[in-house]
Amino acid sequence: MDISSLGYVAVGTDRLAEWTDYATGLIGLQRVDGSRVQTAFRMDDRKQRLVVSTEVSDDIAFIGWEVPSPDALERVAARLDDAGIAVHAAPRAVCGQRFVGRMIWCHDPEGNRLEFFCEPEITDDPFVPGRAISGFKTGPFGMGHAVLKTPNVEALVPFYRDILGFRVSDYALSPIPLFFFHVNERHHSFAMVGTDVRGLHHLMLEYCSLDDVGQGYDLAQLEEGRISQTLGRHTNDYMTSYYTHTPSGFFIESGHGGRLIDMDAWEPHETDCGPSFWGHERLYLTDEQRDAFRDMRLALARDGKRAPDCPWLRSVTGSR
């Protein structure tokens, strides 16, 4: 695939100081650069992964997708151009701001700015987390995953699947439409959820240890209203995670144990049993909406459905 991973994300806010406290103290990111209007954060050997800016009114400023080479970047540009999508080459100054060698950008059908880049800058400075964690699972799997809210799933699916080449992992149609896409072995690096509004639903960051997740969950419970979804485990990617409200209004999913797939053998399919084996109580929904998800979880429990393995046990035994 020409697009290899989720590289970086920039979001808007009017609560920059609150973002710094949240990103470092709860999530465990490292603050690396800041001004009155913008702050950047690290999570690995990349110079920045998350940028938060007061100069952007929307929750999404841009989403950066990594490609492995300049040739791959040219192929992405050609596919967009062939589809009638306006493609722009980023000037050297913008590439410098993103810490990449080359970059192009366009807008998706809903106006979200997508950036495609190669030759990211790597730093030798060690990652220093904002709280005591073992680190994040990135490398060839990228930053994590991003999920968009959209009232127009029918327009976005063909754009990401047919033009950009994202591969469908699975999808669900009830109680709400959900589509998941992979660009590497991570079960999904991108997804979309059908809603009445557009914007960023959540970012997922995967920790190297389940204890990192659990200790963060303890910290999040100390803040009234911080948790948006309780601790639980997903049915499609097997991630054990919880979700918190960010200062920008969208969520961050803090997880561990996500599924890796065989891209050559994978077949897209419908996941019709609900999004979670257990937990993930959606505290932000109405009682009626929460009941629909809860009924699905209880049905799975009655049927004895569970994931086929245990990522936590695999992590402590060192087996694949």
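**A buried aspartate and the parts beyond it**

A: Setting aside residues within four places of it in sequence, D59 is in contact with A10, V11, G12, G199, L200 and F250, where contact means heavy atoms within 4.5 Å. This is a predicted model, in which local features need pLDDT of at least 70 and side-chain atom pairs count only at pLDDT 80 or more, while totals for chains, interfaces and linings use all residues. Residues are numbered from 1 along each chain as its sequence is written, and side-chain values use heavy atoms, with hydrogens and water left out.

D59 sits in the loop between β4 (50–53) and β5 (62–66); helices (H or I, at least four residues) and strands (E, at least two) are DSSP runs numbered from the N terminus. D59 is buried but has no salt bridge, and the nearest side chain of opposite charge, K149, is 5.1 Å away. Here buried means under 20% relative accessible area, exposed means over 50%, and partly exposed lies in between, with a 1.4 Å probe and protein chains only. A salt bridge is a side-chain nitrogen of Lys or Arg within 4 Å of a carboxyl oxygen of Asp or Glu, and in judging charge Lys and Arg count as positive, Asp and Glu as negative, while His and the chain ends are not counted. A polar atom of the D59 side chain does, however, lie 3.0 Å from the backbone nitrogen of L200. That pair falls under the term polar contact, which is a pair of N or O atoms within 3.5 Å; within protein, one must be able to donate a hydrogen and the other to accept it, and residues adjacent in sequence count only if both atoms are side-chain atoms.

Strand β1 (residues 5–12) holds V9, which counts as buried because its relative accessibility is 1%. With neighbours within four places left out, V9 is in contact with R49, L50, V51, F62, I63, M143 and L203.

Another buried residue, H234, belongs to strand β14 (residues 227–234), and its relative accessible area is 8%. The side chain of H234 makes polar contacts with the side chain of Y243, at 2.8 Å, and with the side chain of E253, at 3.4 Å. Not counting residues up to four places away in sequence, H234 also touches others, among them M239, S241, P275 and H280.

Within α2, the buried residues are A72, L73, V76, A77 and L80. Seen down the axis, they fall within an arc of 140°, so they line one face of the helix, the arc being that of the directions from the helix axis to the C-beta atoms. These buried residues pack against β7 (100–107), β8 (113–120) and α4 (153–163), whereas D71, D81 and D82 are exposed on the other side of α2. Just after the helix, G84 takes a positive phi of about 80°.

Side chains of opposite charge can pair when their charged atoms come close. The structure holds 17 salt bridges, and one of them joins the side chains of K47 and E121 at 3.0 Å, N to O. This pair links distant parts of the chain, with K47 in the loop between β3 (38–42) and β4 and E121 in the loop between β8 and β9 (145–150), 74 residues apart. K47 is partly exposed at 30% relative accessible area, and E121 is partly exposed at 32%.

E206 forms a salt bridge with R186, with the closest N and O atoms 2.7 Å apart. Here too distant parts are linked, since E206 is in strand β13 (residues 199–206) and R186 in the loop between β11 (178–182) and β12 (190–194), 20 residues apart. Both E206 and R186 are buried.

R294 and D291 form a salt bridge with closest N and O atoms 2.6 Å apart, and both lie in helix α6 (residues 287–302), three residues apart, about one turn of the helix. R294 is partly exposed at 27% relative accessible area, and D291 is partly exposed at 35%. Salt bridges that share partners join E281, R290, D291, R294 and R297 into one network.
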